[in-house]
Amino acid sequence: MLEIVILIPLLSGGAAFLLPARPGRANLIAAGLLHLTACIAAVSGFLPAMLPQYFAVTPMGGLVLIITSFLYLMTSIYTVSYMNEIEMHNEPAFNGSMLLFLAAMSMAAIADHIIVLWIAIEATTLTSAPLILLHKSKGALEATWKYVLICSVGIALALLSAFSLILAMSRGGVEVPLTYNCLNGAAASLDPLWLKVSFIFAIVGYGTKMGLAPMHTWLPDAHSEAVSPASALLSGALLNCAFLGVYKTHVLLTSAGIGRFSDHILIVFGLFSILVAGVFILHQNDYKRLLAYSSIENMGIIAFGSGLGGLGAIGAVIHMIHHSLIKSSLFLTSGNILLGYGSKEIKQVKGMIRLLPGTAVAFFSGFTGISGLPPFGLVISELFIILGALRSHHPVAIIIFISGLLLVFSGACRHIIPMTFGSGTSSRDDLLVPDKLPRLLPSYILLAVSVFLTFWMPETIWEMIRQAAALMGGAHA
Amino acid sequence: MIPFADLLLAFVFLSVMVSLASNRLMELVKIMAFQGVVVSILPMALEHGHGIEAASLEFLTVMLLIKGAAMPAALYIAVKKVANRREVEPYIGYNASIFSGLIIIMAASFISHRLSPYMPAANALLLPAGLTTIGAGFFLMMARHKAITQVIGYLMLENGIYLMGAILPHKTHSQYILEFGILLDLLAGVMIMGIILYHINKTFDDVDTGILGSLKD
């Protein structure tokens with residue numbers, strides 16, 4: 001049964017609240033391993049859904065599910081070592097929330113029913129709030145408050161998107177179950193006006209959660225104030241789940257033949273997000289916030305590519321995969337930097353390559369990857385997106401897109417090169433916590449997977465990417 | 001005689017206006033409880049003549065308990081525990097708020113008038129009431145200092161969205177399980193907001209959102 005990918009983390013999450021620290025950590029990793037196995041089985045088609053009216057594995061959902069599960073496993077290994085170094089206030093609550101968060105994200109990934117997707121995405125907000133609140137510092141409180149309130153309001157608007165879809169059905173005289181699968185089949189008879197309204201509410205609602213500018217204001221706060229392993233999941237996995245909400249509505253419009261409407265909206269939101277992120281990265285003085293703004297930029301790129309269709313859509317899906325891998329690796333290494341230097345300020349971190357060589361290599365490699373340089377996968381996806389824009393004749397968009405990327409790259413260079421190679425006065429003795437293998441290995445594995453997928457994409461994954469992109473008008477070259 | 005549903009919808013408008021004018025947090029909580037009850041029994045009033053299925057009756061009872069009792073109770077506890085000063089402390093004064101409320105109602109009526117040809121036939125007041133409640137919810141969230149009024153604004157927004165949902169054509173009763181899911185999310189959301197409020201109050205000694213402004217670029 002497919003629902004097992006929700007049940008495993010749900011049950012072990014419930015148990016985690018009761019377990020003491022040591023078995024709790026084992027539980028964290030064991031659940032991750034079990035979950036990944038179940039997810040691979042689910043995507044390979046071995047687990048038919050018990051409730052097919054609510055759940056199904058779609059190409060895009062399957063990709064998001066696998067990414068989420070893999071990131072969670074890596075994060076859980078990191079977390080166990082991370083816990084040894086910091087004074088965790090309430091460890092069972094943290095472990096439990098992590099697992100419940102995984103359950104909510106898995107539910108979003110396999111949800112096929114419109115309302116079930118909504119419930120799952122709201123549940124991700126609620127289960128991840130404790131992960132940000134954990135420190136109970138003033139900053140963390142403020143970040144959690146903004147996160148819960150802004151995202152809840154956003155998702156409340158997404159419910160109006162679901163209502164508009166129901167209206168589109170009733171006005172079009174369509175009587176099918178309320179699942180994206182069935183609606184795609186009947187898309188041509190749906191009322192186009194309400195379909196468009198539905199997309200607007202979806203991009204404002206789920207777009208808030210996805211971090212598209214100008215609804216992104218909560219994101220830098222939440223992602224920088226959360227504990228580093230939680231930041232990795234928020235940025236690498238959760239944003240994809242929110243994108244699913246936008247993607248599925250976009251696919252409906254494309255099947256209904258009014259995809260041009262959502263294309264244009266996605267392109268505008270995408271480019272705007274890239275520019276906003278670029279401007280804020282330039283004068284950033286907190287490296288975790290810098291990474292958070294980079295997530296906004298990358299979500300913008302994904303939205304832009306989805307709006308282009310054709311090669312751009314394939315690029316967007318590939319971009320989503322590699323962004324998740326690289327960004328979560330970066331957030332995990334940023335946790336090491338925070339442990340070592342005891343500060344999130346860029347100014348305080350100098351000459352990592354001498355003091356924390358393992359972390360420095362991972363961090364700088366991640367930076368090259370996220371900037372779209374080889375050998376990491378974003379170089380391919382960004383190339384696809386630019387080619388897609390060229391083919392669909394969007395000259396102005398290409399100029400804005402490339403300038404945005406350059407702006408982000410130059411802004412990030414300005415901060416990250418001194419952090420890594422700058423000559424500081426501090427010596428090894430000033431370091432609070434040195435590098436440790438279990439806190440480095442996950443970052444390296446994530447980066448290695450990105451490199452691996454760049455040069456050798458397994459046929460099944462490529463097929464899923466192709467199908468996911470084809471649904472939003474993505475064609476083969 | 002005025003139909004019962006119209007009476008309830010008039011109460012919704014009234015509760016919105018009173019909430020904009022009220023200057024005490026406790027008063028706001030009571031208004032929200034009242035609005036919750038009205039919104040929960042509205043579907044029954046709309047359905048007169050059709051008869052109500054057992055499943056839908058069960059659902060409406062649970063909803064009444066959550067919207068009319070559980071959520072206001074959570075708010076009540078929050079106000080008791082958290083708020084040192086019991087005034088609402090508006091950014092925008094009460095008279096201006098009432099005036100804004102009237103503008104929201106006018107805008108809602110205008111939009112409803114333009115939209116109604118594209119909507120299924122329903123009670124004429126339903127759409128304006130839904131839009132007004134959504135608008136006023138947003139207004140309360142922005143125009144008041146206290147974090148707790150933001151929660152109240154959020155609840156009002158949700159009530160408005162629920163009213164919009166009542167316009168939709170009838171669903172089969174198997175869908176109620178999903179509405180339970182939505183309600184559960186809402187309830188958990190309000191609880192979590194309450195917990196964060198409690199910690200904010202403990203850390204800052206106040207729940208004014210003005211103090212929550214240190215994270216920015």
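Trainee: Let's start with Gly245(A). Which helix is Gly245(A) found in?
Mentor: Gly245(A) is in helix 10 of chain A. Keep in mind that this is a predicted model.

Trainee: Is Gly245(A) buried or exposed?
Mentor: Gly245(A) counts as buried, because its relative accessibility is 0% and the cut-off for buried is under 20%.

Trainee: And what is Gly245(A) in contact with, leaving aside its neighbours within four places in sequence?
Mentor: With those neighbours set aside, Gly245(A) is in contact with Leu117(A) and Tyr206(A). Also have a look at Ile121(A): it is 124 residues from Gly245(A) along the chain, yet their C-alpha atoms are separated by 8.5 Å.

Trainee: What about Thr249(A), where does that lie?
Mentor: Thr249(A) lies in helix 10 of chain A, which runs over residues 228–255. At 1% relative accessibility, Thr249(A) is buried. Beyond the neighbours within four places in sequence, Thr249(A) has contacts with Tyr180(A), Ser198(A), Phe199(A) and Ala202(A).

Trainee: Now Met105(A). Which helix does Met105(A) lie in?
Mentor: Met105(A) is part of helix 4 of chain A, residues 91–110. Its relative accessibility is 0%, so Met105(A) counts as buried.

Trainee: Which residues is Met105(A) in contact with, leaving aside neighbours within four places in sequence?
Mentor: For Met105(A) the list is Thr68(A), Thr124(A), Ala237(A), Leu238(A) and Cys241(A), with those neighbours left out. Take Thr68(A): in sequence, Thr68(A) and Met105(A) are 37 residues apart, and C-alpha to C-alpha they are 7.5 Å apart.

Trainee: Switching topic to aromatics. How many aromatic pairs are there over all chains?
Mentor: Searching the whole structure gives ten aromatic pairs. One of them is Phe364(A) with Phe367(A): the ring centres are 5.6 Å apart and the planes are at 55°, so that pair is tilted.

Trainee: Which charged end sits over the ring of Phe261(A)?
Mentor: That's Lys196(A), with its charged end 5.3 Å from the centre of the ring.

Trainee: On to the backbone. Which residues does a cis peptide bond join?
Mentor: Ala213(A) and Pro214(A) are joined by one, with omega about 5°. Pro214(A) is in the loop between helix 8 (192–210) and helix 9 (218–225) of chain A. The bond from Pro374(A) to Pro375(A) is cis too, with omega near 5°. Pro375(A) is placed in the loop between helix 15 and helix 16 (378–391) of chain A.

Trainee: What's the phi of His393(A)?
Mentor: Phi there is near 60°, a positive value in a residue other than glycine. Most residues other than glycine have a negative phi. His393(A) is in the loop between helix 16 and helix 17 of chain A, and is exposed at 65% relative accessible area.

Trainee: Last one: how many cavities of 30 Å³ or more are there?
Mentor: The count is one cavity, and the largest cavity holds about 90 Å³ of space. Its lining includes Met32(B), Lys67(B) and Glu158(B).

Trainee: Which helix gives the largest share of that lining?
Mentor: Helix 3 of chain B, with four residues. By class, the lining has six nonpolar, two polar and two charged residues.

Definitions and conventions
Residues numbered from 1 in each chain as written. Chains lettered and ligands numbered in written order. Predicted model: local features only at pLDDT ≥ 70, side-chain atom pairs only at ≥ 80, totals over all residues. Heavy atoms only, no water. Phe/Tyr/Trp six-rings, centres within 6.5 Å; stacked < 30°, edge-to-face > 60°. Lys NZ or Arg CZ within 6 Å of the ring centre and 35° of its normal. 1 Å grid on protein atoms, 1.4 Å probe; cavity = no way out; pocket = protein on both sides within 12 Å on 5 of 7 lines; lining within 4 Å. Points joined across faces, edges and corners; volume = space filled by probe spheres on them. Helix = DSSP H or I, 4+ residues; strand = E, 2+ residues; numbered from the N terminus. Nonpolar A, V, L, I, M, F, W, Y, C, P; charged D, E, K, R; others polar. Buried < 20%, exposed > 50% of the residue type's maximum accessible area, 1.4 Å probe, protein only. Contact = heavy atoms within 4.5 Å.
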